Amino acid sequence: MPSNVVTPEFLQALRNAEPVLWLRPGPEDCRVDAPAETGLTTDQIAAAQARFDRFAPLLAELFPELQDSGGVIESPLSRTPKMQAALGLPEAQGTLWIKSDHALPVAGSIKARGGIHEVLEFAESVALREGLIQSGDDYRKLATPTARACFARYQVAVGSTGNLGLSIGVMASALGFRAAVHMSADAKAWKKARLRARGVEVVEHSGDYERAVAAGRAQVQADPHGYFVDDERSVSLFMGYAAAALRLRAQLDAARIRVDAQHPLFVYLPCGVGGAPGGIAYGLRQVLGEHVHCFFAEPVQSPCFLVRMMAGHGQLPGLPAAPSVYDVGLHNRTEADGLAVPRASELAYSAVGGMLSGVYTVADQTLFDDLIRLHDTEGIRIEPSAAAGFSGPRHICLSTAGQAYLAEHGLLAQMPQSTHLVWTTGGLFVPDEEYAHFLNRR
């Protein structure tokens, strides 16, 4: 049976919140380019990276933790052999590496990429319009009292389950903007406290992520100097994430990791609304090419991108074209707060739906199990949502469906020299007491 066939048993497992692996159709349907209707181009990736470079001297001045890097916000690429052994991934199936976005400075999560980029792009547009800077200027001018007084006239707002709010709030506040973060009921208390300590207004909502976003959008529409960061629709966010591919390419080169037909790269990305993993997947395919196989990881109760992919392939008849997890009988409650999203971003779906290799779901207890494994084997601290990627190699290398996928794509012979890259997405600022609770879930 082909790996991508959706059986009644698969559908029942999905609705029962059991872990599943969904694989897209064969290689003839894969493509590297984004659909024309998105308007995305590879030039936008380079433009995002150039913007990070222009702001680097200012960031080094605003954040002491960036002084050694000259204002560069980046995470290490690390080989993790002990974790590979703990996961039961044989060396004959490739080598396990971690892209450690849980350790990104300033925001402490993958959202430091897209969220910070969008705030910088907005700040740049305001500064040019208000005459604070001109093309070619030293952007450290934006740390002056004059610039901060100008920025204070503007509000930057976002709706978030936690990590995006941290990145937007911290950066906007550091530049002098009025910052507001609308947070859903599942947002963690320590994330709200961290924002408030930075002078960010935190608006709490009793509903889920979609309601927090809607409330934030409505508030900004009433503010003539308001700017709303829209995680569901923002090209600026998307390209901030996509720019990660340029830095990863340099890290892969430094580690002598090849990516080609004989050396495939499998990337496992935790997915909420889809903007961060979508941007990274898009960037990786543009920068590294067709031999990158990207898989999204979602909680069993919140597989919004999975149901969107299935709907796009006609595998969920009778449901809306852009369904939510509620439409398949799931409740969208999970310990992985950053992934508790009911409906996928249509921008992300349009951009990467045609190139994504697959989506799998993970039970909450498995998130804790892998979080604990990573702590015990490599001494690395992450939050539960960041552990979602570690189920990926097991799905692809050790399951019947995964083996069928590898066979269909002609990859079985290349697996010994393949690379498995788990993208960890958050955890740097988790309080010690909170992290101790994670470890107690053994």
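In the residue classes used here, Ala, Val, Leu, Ile, Met, Phe, Trp, Tyr, Cys and Pro count as nonpolar, Asp, Glu, Lys and Arg as charged, and the others, Gly among them, as polar. The model is predicted, so that local features need pLDDT of at least 70 and side-chain atom pairs count only at pLDDT 80 or more, while totals for chains, interfaces and linings use all residues. Residues are numbered from 1 along each chain as its sequence is written, and side-chain values use heavy atoms, with hydrogens and water left out. There are five cavities of 30 Å³ or more, a cavity being a set of points, on a 1 Å grid over the protein atoms alone, where a 1.4 Å probe fits but cannot get out.

**Largest cavity**
- Its volume, the space filled by probe spheres set on grid points joined across faces, edges and corners, is about 220 Å³.
- The lining (residues with an atom within 4 Å of a point) comprises 22 residues, with Lys-111, Thr-161, Gly-272, Gly-338 and Leu-339 nearest the centre.
- The lining divides into 10 nonpolar, 10 polar and two charged residues.

**Second largest cavity**
- This cavity has a volume of about 130 Å³, and among its 15 lining residues Phe-52, Ile-73, Glu-74, Arg-113 and Arg-247 lie nearest the centre.
- Helices H2 (42-62), H4 (111-129) and H10 (244-254) each give two or more residues to its lining, and H2 gives the most, with five.
- By class, the lining has eight nonpolar, three polar and four charged residues.

How values were computed
1 Å grid on protein atoms, 1.4 Å probe; cavity = no way out; pocket = protein on both sides within 12 Å on 5 of 7 lines; lining within 4 Å. Helix = DSSP H or I, 4+ residues; strand = E, 2+ residues; numbered from the N terminus.
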